[in-house]
Amino acid sequence: MFRRLFWFALGALAALFGYGWLRRKADSAATKESVDGFIDSLVDGVLAMKERVNQTVGGASERSRESTSNDLFE
């Protein structure tokens, strides 16, 4: 009877520790893969793309002002 009680208590302790470990893992995975982080990275990417387009378009318009039509044929 003590042998069965020992194994029952050992299983109950393993279940409690396992539950706590799984809960911690789930919390860390939820914070790492949160929707807010995804949205923030998406907004940062769009803003970076906007800056690149502005620099490209702004640089092209400055170059076209500096050059004349004669420069194209030389």
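## The whole chain

Run along the sequence and the protein chain reads α-α-α, with 3 helices and 0 strands. Helices here are DSSP runs (H or I, at least four residues; strands are E, at least two), numbered from the N terminus. What you're looking at is a predicted model, where local features need pLDDT of at least 70 and side-chain atom pairs count only at pLDDT 80 or more, while totals for chains, interfaces and linings use all residues. Residues are numbered from 1 along each chain as its sequence is written, and side-chain values use heavy atoms, with hydrogens and water left out.

Now colour by pLDDT, the predictor's confidence in each residue, from 0 to 100. The protein chain averages 81, and 74% of the residues score at least 70. Helix α1 (residues 2-32) has the highest mean, 91, and helix α3 (residues 69-73) the lowest, 55.

Of the 74 residues, 1% count as buried, that is, under 20% relative accessible area, with exposed meaning over 50% and partly exposed in between.

## An aromatic pair

Which rings pair up? Select Phe6 and Trp7: their centres are 5.1 Å apart and their planes at 70°, so this is an edge-to-face pair. Rings of Phe, Tyr and Trp (its six-membered ring) pair if their centres lie within 6.5 Å; planes under 30 degrees apart are stacked, over 60 edge-to-face, the rest tilted. A search of the whole structure finds 1 such pair. Phe6 is partly exposed at 47% relative accessibility, whereas Trp7 is exposed at 54%.

## On to helix α2

Next, pick Val35, which lies in helix α2 (residues 35-66) and is exposed, at 57% relative accessible area.

Notes. Buried means under 20% relative accessible area, exposed over 50%, partly exposed in between (1.4 Å probe, protein chains only).
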